[in-house]
Amino acid sequence: MHEPNPHNSRQSQFPDLDRRSFLKTGLGGALFLGTVSVTAGLSGCATRPAGRLSAVGTRMDASYQFRFLNRDDITLFEALLPAMIGPGLPEQPQARNIAIAGTIERIDAGILNFGPANQKELRRLFDLLNFGLTRVTIARVWSNWPNVTTTEADAFLERWRTSSIGLFNNGYIALTKVSNVAFYGHRDFWHLSGYPGPPKQAVDALPQFNNA
Amino acid sequence: MSLTDRIAQGLESGWKVTDGASLTGNLTTEADVVVVGTGAGGGTTAEILARNGLSVILVEEGRLYYQKDFKMDELTSYANLYQEGMSRVTRDGAIAILQGRCVGGSTTVNWTSSFRTPEATLNYWADQFGLDDLRPAAMAPWFNGREERHNVALWQVDPNVNNDILRQGCEKLGYSWKIIPRNVKGCWNLGYCGVGCPTNAKQGALMTTIPGALDNNARLFHSLRADKLVMNQDRIDHLQATAFASDGITPTGVTVTLKARHFVVAASAIGSPGLLLRSDIPDPHQRIGKRSFIHPVNASVAQMPQRVDPFYGAPQSIYSDEFNFRNGVDGPVGYKLEVPPLHPGMSSGVIPGHGETQINNMTGLPHMQSVIALLRDGFHPESPGGTVSLRDDGSPVLDYPVTDYLWTGLREAFHTMVEIQFAAGAEKVRLMHLDSNWYHTLADAKAAINRLPMEPHRVRLFTAHQMGGCGMGINPENSVVNSFGEHHHVSNLSVHDASVFPTSIGANPQLSVYALSARNSSRLANKLVN
Ligand SMILES: Cc1cc2nc3c(=O)[nH]c(=O)nc-3n(C[C@H](O)[C@H](O)[C@H](O)COP(=O)(O)OP(=O)(O)OC[C@H]3O[C@@H](n4cnc5c(N)ncnc54)[C@H](O)[C@@H]3O)c2cc1C
Ligand code: SF4
């Protein structure tokens, strides 16, 4: 709040140091998200999605600029959302891509307001899921996210939901919460929960909706 | 358009309101009193001091949002009006913390339930913490006064179905239930209190005490965070604050220095102890941040045969205190039963699940009913509360260990909630628990409740009522302030918000905050004027 966090600056200055301690924890199986922090550059295996066309990459309207999620995070959510939302996503490929891309944009926008502390926690979580070694050892997801099938993504979410390790439950809640709220909370998908939206008489009568 | 917005009018008429984002250079200014926080406590304090002719500066870290911004939209409201964009949690992530961050504080997003502090709570404080001057008879005039100021009255309209199911269930089982008093004026019964009242009906700080203070020449800085109270010998000399850009989160680097004769901290539980800790306020017995309480909440949802439309209608109108004080004030933990509003974003974030299961949960929303139990924490040795401390970056964080005493209460509350829902005709119920299925019979639900692990993360826990951390008491060894909110060690520092409660309240806290702040501000005004 007052000064740059000493840990942060050290991490960005000496990524190798972090890498070493990170590898140790990863291999040793000590699963503390708190000790794992990989800089975006380290995890940068951002190969173009092979298995799946990037919904975000093929957006018709790319006016939204991502400010928190990096390319790897976007790929992660492109792989997770089909399992996360499941049959809630439209089947028609273009509509589906638009729904996925829009949801990822809203996830990004939502996280911006989370503030530095929770952003740091999410950065750790996403880096851990994106970095190949921890993806395999901790999330037990064998393929790169672009090649992960919906069934595999669902199995991963189920593992973290049912795990007896609180940290994984916490990760599950973090991932589902940001995704569910960004999806079901958006007007385009209100119909899925039978929510008609704000009462029409009120909208018609209230000055703040009167755009004239 | 017959509607007139109090805030728009006031700004037009020349209220002294400064958006921190608009400051281009550092600034130093001065008043009789600086009040940190503009919620239930801060608003009350500012209005009373300003009406007594004192010059007042209000400092609010959130931004000024009002009618023009309240469009009944969850996503924008959660992002802008809540602490940490609605992502605030306890340090281990196990408890979601709902708390306001905007002008008006949590009262801008609260659900308008207005209860007096239960008599048993006030008497417990007198007996345990020496707060004899806060006994029910002494507090009664302050409650009366605040009920008038905030237009508190029993809700006259029929409860929505969501609330009525709580009533019906209690009725069938012979449990007591009552109608909730609400602080509203001309309420449209819409159900959007949690995202900023779009009609200005809610009589929270934003529509009452904040305009009252500004009409009386108070000055408001919003988008400005109080960072540090700076002492000069045994008194606070000034407050250091930093401005945020118009996104409400990016510091602009502009610093504001505020000097005053007296400082009132009303940044609420978590916020106030955080500020005191950052400021290294004398704390010989290390009490700051200790005994932080939250009314831990667990929840159950039911699928009803009839339409519930839990997103419409006054969010809370019925409650049951059947189990709140049943075991005495300090026995096994008691809980108050209420109902939460369910909008799609909130519901999808609160009901844990993904994929097909989740879409099935969500499809049922129009028929969904929910009951919540609010546990009365802090009245038993095995409920010592949590601790607020500072992260590396200086921001406050709450550790709240859930003790076995509380787990027992949570399990019991699950039983009660599903009993009520089935008694009211539920087709099936689901606990807010990672391992819960939908249960079609009471027997199945109860068997599951007995079997399911009561563990952090697995049981979904929430709090919308943060209390304590700067507790009141006569003994400086176990408290931070006295019954007037005056700091034990620093003579020009007071705390006027929910953080002074030495236990939880045992009822939704806003009226307790309003009343105690009114009492303590009147005393402070007297002292400063003379
Ligand atoms: C969703 C929700 C529903 C609720 N429903 C009810 C209800 O129906 N009935 C009821 O009685 N209670 C309800 N509550 C709780 C009630 O609103 C609070 O208990 C009450 O507002 C607390 O008053 P306070 O003055 O302590 O804090 P608040 O009203 O929260 O005000 C504190 C203010 O301080 C600001 N602040 C914090 N730190 C700083 C800083 N460093 N610098 C500057 N400003 C700072 C915050 O942004 C905030 O605006 C609800 C709360 C929530 C979140
Ligand atoms: S129910 Fe609607 S109109 Fe009434 S106070 Fe709440 S948001 Fe305002």
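In this predicted model, 53 residues of chain A are in contact with 58 residues of chain B. The two chains bury about 4600 Å² between them, and carbon and sulfur atoms account for 60% of that area.

Which elements of chain A give two or more residues to the side that touches chain B? They are the helices α3 (71-85), α4 (93-112), α5 (116-130), α7 (150-162), α8 (166-184) and α9 (200-205) of chain A. Of the residues on this side, the largest share comes from α8(A), which supplies eleven. Sorted by class, the side of chain A that touches chain B comprises 27 nonpolar, 20 polar and six charged residues.

The contacts between the two chains may also be described by kind. The count of salt bridges between chain A and chain B is zero. Polar contacts, by comparison, join 19 residue pairs across the two chains, with both residues of each pair at pLDDT 80 or more.

Attention now turns to ligand 2. This ligand is surrounded by 13 residues, and the closest are C187(B), G191(B), C193(B), C197(B) and T199(B). The shell around ligand 2 consists of eight nonpolar, three polar and two charged residues.

The average pLDDT of chain A is 81, and 75% of the residues score at least 70. Where in chain A does pLDDT stay under 50? This is the case over residues 1-50 of chain A, and for this stretch the model has 67 contacts beyond four places in sequence.

Terms used: Residues are numbered from 1 along each chain as its sequence is written. Chains are lettered from A and ligands numbered from 1 in the order in which they are written. This is a predicted model: local features need pLDDT of at least 70, side-chain atom pairs count only at pLDDT 80 or more; totals for chains, interfaces and linings use all residues. Side-chain values use heavy atoms; hydrogens and water are left out. A residue is near a molecule or strand if one of its heavy atoms lies within 4 Å of it. Ala, Val, Leu, Ile, Met, Phe, Trp, Tyr, Cys and Pro count as nonpolar, Asp, Glu, Lys and Arg as charged, and the others, Gly among them, as polar. Contact means heavy atoms within 4.5 Å. Buried area is the accessible area (1.4 Å probe) that two parts lose on being put together, summed over both. A salt bridge is a side-chain nitrogen of Lys or Arg within 4 Å of a carboxyl oxygen of Asp or Glu. A polar contact is a pair of N or O atoms within 3.5 Å; within protein, one must be able to donate a hydrogen and the other to accept it, and residues adjacent in sequence count only if both atoms are side-chain atoms. Helices (H or I, at least four residues) and strands (E, at least two) are DSSP runs, numbered from the N terminus. pLDDT is the predictor's confidence in each residue, from 0 to 100.
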